[in-house]
Amino acid sequence: MIEIKNLTKQYKSGHPIFADFTKSVRQGRAVGVVGPNGSGKTTFLRILSVNSFPTEGSVNYKNIDIHKQPAEYLKYVGLVHDEETLPDHLTASELLEWVLRNRNLWDASSNKKIEDVFDQLSLDARNEQIGTFSTGMKKKTQIAAALISNPELLIMDEPLRGLDKETRVVVMDLLKDVKSKNTTIFMSSHYVNEENELFDEMIQFPL
């Protein structure tokens, strides 16, 4: 379970982005994070991914305070950030190998797992440097990197942006599959209608 307690984020004096937000989410639930641009969705997801710290309050996962023990927490997490920030000098395959080795998950089946996830996402340029990729190719690489370690928690900010409709359908099928294996998902997207079958509940911004 992920427990959010009295969460407040304020960048400067004045009105906070959100304040005193409390919510518990059971393992295996999919939560849609929706609202207009500038309403706080990305800030909220950045806090869940420990790329930002709350002004007040806390977030706990498996009794881990995520901002006090980020390394312990992040070993359970797959991330898709709102920006396609990836190491330009690596190939997509090398990035996924790095993810698996960093989490001590590399084994004899790893190369096939990497090939399989890229096949599902139709990323043919997997052995080319990421710096040469289009926005959509970088997004596919981000999604593959988030999924390859079979995370218990997925935090995804606009994972479908930059993808064609066919690929969005494939990604949604992948997310339904990982959810069926008890992965918890927090996800923002402008394609809400396409995801209604995925989400168990919604967080509407502004809070």
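Helices and strands here are DSSP runs, numbered from the N terminus. I had this in hand when I went looking for V50, which sits in the loop between α1 (41-48) and β4 (56-61). This is a predicted model, so I read it as such.

**Backbone, V50.** I looked up phi and found a positive value of about 55 degrees, although V50 is not a glycine. Buried or exposed? I checked V50. Buried means under 20% relative accessible area, and V50 counts as buried because its relative accessibility is 15%.

**Backbone, N6.** Next I went to strand β1 (residues 2-9), where N6 lies. N6 is another residue other than glycine with a positive phi, near 50 degrees. I noted N6 as partly exposed, because its relative accessibility is 41%.

**Peptide bond.** I then turned to F205 and P206: the bond from F205 to P206 is cis, with omega near 0 degrees. I placed P206 in the segment after β9 (201-204).

**Cores.** I finished with the nonpolar side chains. The largest nonpolar core holds 35 residues, and L96, L154, L175, I185, M187 and L198 have the most contacts inside it. At least two residues of this core come from each of α3 (92-102), α4 (110-121), α5 (135-147), β7 (153-157), α6 (165-180) and β8 (184-188). I also found a second, separate core of 25 residues, with I2, L48, I64 and V77 among them.

**L198 up close.** Which residues does L198 touch? Leaving out residues up to four places away in sequence, I listed A30, M172, L175, K176, K179, I185 and M187.

Terms used
Residues are numbered from 1 along each chain as its sequence is written. This is a predicted model: local features need pLDDT of at least 70, side-chain atom pairs count only at pLDDT 80 or more; totals for chains, interfaces and linings use all residues. Side-chain values use heavy atoms; hydrogens and water are left out. A nonpolar core is a set of buried Ala, Val, Leu, Ile, Met, Phe, Trp, Tyr and Cys residues joined through side-chain atoms within 4.5 Å. Buried means under 20% relative accessible area, exposed over 50%, partly exposed in between (1.4 Å probe, protein chains only). Helices (H or I, at least four residues) and strands (E, at least two) are DSSP runs, numbered from the N terminus. Contact means heavy atoms within 4.5 Å.
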